[in-house]
Amino acid sequence: MLWSASLCVVFLVPSLGVPVDRYSTKGQQKLLLISFDGFRWDYDRDVDTPNLDTMARDGVKASYVTPPFLTVTSPTHFTLLTGRYIENHGVIHNMWFDVNTGEKVPYYATQFKTEWWDNGTLPIWITAQRQGLRTGSLHFPGTQPRYQGESQTVKDVEPGFYNYKNETKWRQNVDKVMETWFGEMDLDFVSLYFGEPDGVGHKYGPDSPERREMVGQVDRTVGYIRSSAEHNGLADSLNIIITADHGMSNVYRNGLVKEITLSKIPGFSFGDVSFHLLDYGPAGMLLPKPGMLETVYKALKGAHPHLHVFKKEEIPERLHFANNNRILPIILFSDPGYVINGFFPVQFNAGEHGFDNVEMDMKPFFRAVGPAFQKNLEVGPFETVNIYPLMCHILGIMPESNDGHLDVTKHMLVSATEDRPQDFRRNVSVGLAAVGGCLVVVVAVLVSFHAFKKETNYRGSEGSVRPGSKEESPQTAL
Ligand SMILES: [Zn+2]
């Protein structure tokens, strides 16, 4: 009987004691994480956005969220997927680079550099799958590589030369996610990426009519996503989080500002630098040649009133952008309105991101709706590292080590007093089912053992043990 008693303990402990199960909605709620690249927190203020407004009434709206620094696409998206600051997840730039060979690979090609992404931190797809869920990702940065040899259940990697703006394509992607992935394949978690309004924000600037028009397209798509969830019978089970990776800020040129061009700064020489990442908007990094760190640093520090220069170890703690071997020894970033040029101005975008994440222009929007979320609730700002533990909570999975806290976002959820009794009832029923199961096992064992003893005794009667002998008595101890 000892083994059957042990079996009961094995059944009972997980149902009564493991925290992840206690608060879990596993098997009941799904989650769709959507990023509209570069959707600044205030983009709905000068455009009619009926669908985003409806979503806010049906769910939760944050005044804005704060992305991690460096405020560029791949690093900030990987923070959404991992809950870690950029220095801690290691995807420190949009570009893969090698300081020894001088090689640099642009954003899209870096999506295929597995070693850049798979460097020790697991994105939520893999964590969820290791805990029994099924996941998918469509065009989200970081979708392509395998992590520790594992991949999403299903993925759709953005093709090269993809038309980010095509609304028909957007709807086809939504159909694929809703009908096929959540519907037919019954996935639990999907991340979905749209490349706008980042594109128009760069090209025409955040104050342009083109940007406002694209926000209208985003809004129509949000309406399409929500009605698609409804049509596919997902409204009661699917939670939808919509956010972005960073905002956008105007860049001034044509004599409106004194541009930052490093080659023109007295005392600075590219001959003192063995590798640089420059001409990438408002942020840059330098690797000085051996023994030249102080020379390079002193030449640049204070050289332009809108250029910030830090040795890696001096960068403000709040930026969380130092503690990684991939980050180079000197870090530069400019104030809004300015970009950093190497030899001469080569960037002609009207809008840029990559600035300090305290700048309001760098803050993305955040909306959430679904059975896990409160309705018609507007909440204050929070850092995007906190979205990861929120997602893990909704999916009922144990998060990896991360820099976020569920405490920051849990007030957005259906309240603890409403939530926990449901979970408690569920756990009680699971526990009772386990007890019942154990009793069945015990009874079955007793009956089998009794029958076995009878059989043994009967056989024994053919041998040396007679029926009614003292050897029958031990079964009474059961
Ligand atoms: Zn972006």
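The legends below describe close-up views of a predicted model.

**Figure 1. Overview of the predicted protein and its secondary structure.** The protein contains 15 helices and 20 strands, and 41% of its 478 residues count as buried. Among contacts in the protein with a separation of 6 or more, 75% are accounted for by residues 24 or more positions apart.

**Figure 2. Helix α9 and the elements that its buried residues pack against.** Helix α9 covers residues 167-184, and its 18 residues reach 24 Å from the first C-alpha to the last, close to the 26 Å expected at 1.5 Å a residue. The buried residues of this helix are W170, V174, V177, M178, W181 and F182. The strands against which the buried residues of α9 pack are β1 (30-36), β6 (135-138), β7 (154-156), β8 (189-194) and β9 (238-243), and helix α11 (209-231) is packed against as well. Just after α9, D186 takes a positive phi of about 60°.

**Figure 3. The crossing of helices α9 and α11.** The axes of these two helices come within 10 Å and cross at roughly 25°; because angles under 35 degrees count as roughly parallel, α9 is described as roughly parallel to α11. The crossing in which α9 passes α11 is right-handed. On the α9 side the contact is made by E167, W170, R171, V174, D175 and M178, and on the α11 side by Q217, T221, Y224, I225, S228 and A229. Taken by residue class, the contact of α9 with α11 divides into 6 nonpolar, 3 polar and 3 charged residues. Of the residues that α9 brings to this contact, W170, V174 and M178 are among those that are buried in the helix.

**Figure 4. The crossing of helices α3 and α11.** Helix α3 comprises residues 50-58, and its axis and that of α11 come within 7 Å, crossing at roughly 50°, which makes α3 oblique to α11. Helix α3 contributes P50, N51, L52 and M55 to the contact, while α11 contributes D219, R220, V222, G223 and R226. The residues of the contact of α3 with α11 divide into 4 nonpolar, 2 polar and 3 charged.

Figure 5. G83 counts as buried because 28 other C-beta atoms lie within 10 Å, where the cut-off for a buried residue is 20 or more. Although G83 and I387 are 304 residues apart in sequence, they are 6.8 Å apart in space, C-alpha to C-alpha. With its neighbours within four places in sequence left aside, G83 is in contact with V385, Y388, P389, P399, N402, D403 and G404.

**Figure 6. P290, in the loop between β13 and α12.** This loop connects β13 (283-288) and α12 (293-300). P290 counts as exposed because it has 6 C-beta neighbours inside 10 Å, and residues with 12 or fewer are placed in that class. P290 and S274, which are 16 residues apart in sequence, are 8.6 Å apart in space, C-alpha to C-alpha.

**Figure 7. Two cis peptide bonds, from F69 to L70 and from E196 to P197.** The peptide bond joining F69 and L70 is cis, with omega about 15°, and L70 has its place in the loop between β3 (65-66) and α4. The bond from E196 to P197 is also cis, with omega near 15°, and P197 has its place in the loop between β8 and α10 (198-204). Strand β8 is one of the elements that the buried residues of α9 pack against.

**Figure 8. F161 and H320, two residues with positive phi that are not glycines.** F161, in the loop between β7 and α9, has a phi near 55°, a positive value in a residue other than glycine. F161 is exposed, because 6 other C-beta atoms lie within 10 Å. H320, whose place is in the loop between β14 (307-311) and β15 (330-334), has a positive phi of about 50° although it is not a glycine. H320 is buried, because 21 other C-beta atoms lie within 10 Å.

Terms used. Residues numbered from 1 in each chain as written. Predicted model: local features only at pLDDT ≥ 70, side-chain atom pairs only at ≥ 80, totals over all residues. Helix = DSSP H or I, 4+ residues; strand = E, 2+ residues; numbered from the N terminus. Expected span 1.5 Å × (residues − 1). Contact = placed C-beta atoms within 7 Å. Axes fitted to C-alpha atoms, helices over the stretch in contact; angles between N-to-C directions. Parallel < 35°, antiparallel > 145°, perpendicular 65-115°, else oblique. Left-handed = near helix turned anticlockwise from the far one by under 90°. Nonpolar A, V, L, I, M, F, W, Y, C, P; charged D, E, K, R; others polar.
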